[in-house]
Amino acid sequence: MVTTAKPVPRSRRRAETRQRLMDAALGVFARNGYERATVDEIVREAGFSKGAFYVHFEAKEDIFWAMLEERTKHLQEAFREAADLDLPVSQNLAMILRSIFSQNRDDPLWSALFMEFAAHASRNHKVRDQLAALHRSWRDFAIEALDRGREAGLVRKDLDANFLASVIIAVIEGSIMQSRLAPGAFDLKTMVEPLSRLLGEWLEP
């Protein structure tokens, strides 16, 4: 009996094309940096036409943004799953800091690309608005975690959660920035324990 393969659903083909474009874009960004990368190079690397690119993305900024959103989503999901309300705040913070800092160390490409993308945002209002939305996403995520900690009696209630979230994000981003600009003088690995203790003393009742 002869059987014929079922056609691949259009939605699946679109998703596969989109993912191949994003994978190709990462390779192009890695070689050339964000600014010098072009859509022509991305589609050539992926083996598609420019028409296929523009079905999914409007411009180079859009594909980088899609990659950044995907990465952010995975990180936040991982942190939610790893958080343990049976542990003190300082230990949860140490877990989060260790994870973020190790990713920055093991995958320095993303940190460098993000810095370049942020510089690009200062000259492009659409990208600037997108990065503002990304920061709101991280702030909302931090507020959610702080609220859960408050409900469990682990986090003090006399400080504004929005303020706490903004400060924590600033500390993390500032630490990563210092490690990129002065790696010999600022070691993220040794910062995890003292930084988590310091933040824990501030956050715990």
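Reader: Which element gives the most to the lining of the second largest pocket?

Author: Keep in mind that this is a predicted model. Helix α5 gives the most there, with three residues. Elements α8 and α9 also give two or more residues to that lining. The space inside comes to about 150 Å³, and the lining includes F101, R105, R180 and K189. Sorted by class, you get five nonpolar, two polar and four charged residues.

Reader: And how much space lies in the largest pocket?

Author: About 1200 Å³. The classes split into 30 nonpolar, seven polar and seven charged.

Reader: What describes a pair of aromatic rings?

Author: Two things: the distance of the centres and the angle of the planes. The structure holds 12 aromatic pairs. Take F53 and F57: their centres are 5.5 Å apart with 45° between the planes, a tilted pair.

Reader: Is F57 buried or exposed?

Author: Buried, because its relative accessibility is 3%, and the cut-off for buried is under 20%. F53 is buried too, at 0%.

Reader: Why is the pair of W138 and F141 edge-to-face?

Author: Their planes stand at 90°, with the centres 5.6 Å apart, so the pair is edge-to-face. Both sit in helix α7, three residues apart, about one turn of the helix.

Reader: Which residues do ring pairs link into a cluster?

Author: F29, Y34, F64, W110 and F117. Look at Y34 as well: K60 lies over its face, 4.6 Å from the ring centre.

Definitions and conventions: Residues numbered from 1 in each chain as written. Predicted model: local features only at pLDDT ≥ 70, side-chain atom pairs only at ≥ 80, totals over all residues. Heavy atoms only, no water. Phe/Tyr/Trp six-rings, centres within 6.5 Å; stacked < 30°, edge-to-face > 60°. Buried < 20%, exposed > 50% of the residue type's maximum accessible area, 1.4 Å probe, protein only. Helix = DSSP H or I, 4+ residues; strand = E, 2+ residues; numbered from the N terminus. Lys NZ or Arg CZ within 6 Å of the ring centre and 35° of its normal. 1 Å grid on protein atoms, 1.4 Å probe; cavity = no way out; pocket = protein on both sides within 12 Å on 5 of 7 lines; lining within 4 Å. Points joined across faces, edges and corners; volume = space filled by probe spheres on them. Nonpolar A, V, L, I, M, F, W, Y, C, P; charged D, E, K, R; others polar.
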